[in-house]
Amino acid sequence: MPINENEVTWVKPPRMGLLERLYLPAIAQGLQTTLKHMFGKKVTQQFPEERPKLPPNYRGVHRLNRDEQGRVKCVACYMCSTACPARCIDIVAAPSPWPDREKYPEVFVIDELRCIYCGMCEQACPCDAIELTSLFDLTGLSREEMMFDKEKLLSVFDQTATKGEDPIRTKSGKLSIASEPNV
Ligand code: SF4
Ligand code: SF4
């Protein structure tokens, strides 16, 4: 339906003075803002040259811990994947090639893009085999690259375990009851 002409209110743009037409007040205001930021307190962190100071117990990328013989410590009990609220841990258990446990994870994949970094997997693990590290800047160019498999998760252990900020939190040593048959 066409608009009735007497229902339309026409607004005239305000007339600009000489200074405004030369844009001088706007330029001065812009310079004032620039100078304020040049000499004011710096808040932007120059990453990656400057590394952020992470809080204690920061929850970053996962790692699968190795035992004292360098083997994957996981006994494929599925406690972590059961506890995971995002359902992003995929494990395939197989008979263990070692005598000290019944099973081991033939496949262990975490979808790092689906994970919400809640730490429930670490809490649920009965033998301290999975931990979240302070690593936060691992990137990938595709979704597949962010599906971290067992080798990748073990490599995160190798990369982080000796660093001061990511010590191995597991102190229990021996594998838990979850490693025993019929549990
Ligand atoms: S941190 Fe939370 S969401 Fe991520 S894998 Fe562990 S339990 Fe799942
Ligand atoms: S809870 Fe621990 S031992 Fe059990 S499957 Fe997960 S990482 Fe492995």
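Which residues form a nonpolar patch on the surface? In this predicted model, the patch consists of Leu18, Leu19, Leu22, Tyr23, Leu24, Ile27 and Leu31, with about 750 Å² of accessible area together. Such patches take residues with over 30% relative accessible area and no salt bridge, and nonpolar side chains (Val, Leu, Ile, Met, Phe, Trp, Tyr) are joined within 5 Å, like charges within 9 Å. A salt bridge is a side-chain nitrogen of Lys or Arg within 4 Å of a carboxyl oxygen of Asp or Glu. Areas follow the Shrake-Rupley method with a 1.4 Å probe, and for residues only the protein chains shown count as cover.

Helix 1 (18-21) and helix 2 (24-39) each supply at least two residues of the patch, and helix 2 gives the most, with three. Leu22 sits in the loop between helix 1 and helix 2. Helices are DSSP runs (H or I, at least four residues), numbered from the N terminus. Helix 2 also holds Gly30, which counts as partly exposed because its relative accessibility is 36%, between the limits for buried (under 20%) and exposed (over 50%).

Turning to the ligands, 14 residues surround ligand 2, the closest being Cys74, Cys77, Tyr78, Cys80 and Cys125; a residue belongs here if one of its heavy atoms lies within 4 Å. All 14 are nonpolar. Around ligand 1 there are 13 residues, with Cys84, Cys115, Cys118, Gly119 and Cys121 the closest; eleven are nonpolar, two polar and none charged.

Residues are numbered from 1 along each chain, and ligands from 1 in the order in which they are written. Local features need pLDDT of at least 70, and side-chain values use heavy atoms.

Technical notes: This is a predicted model: local features need pLDDT of at least 70, side-chain atom pairs count only at pLDDT 80 or more; totals for chains, interfaces and linings use all residues. Ala, Val, Leu, Ile, Met, Phe, Trp, Tyr, Cys and Pro count as nonpolar, Asp, Glu, Lys and Arg as charged, and the others, Gly among them, as polar. Buried means under 20% relative accessible area, exposed over 50%, partly exposed in between (1.4 Å probe, protein chains only).
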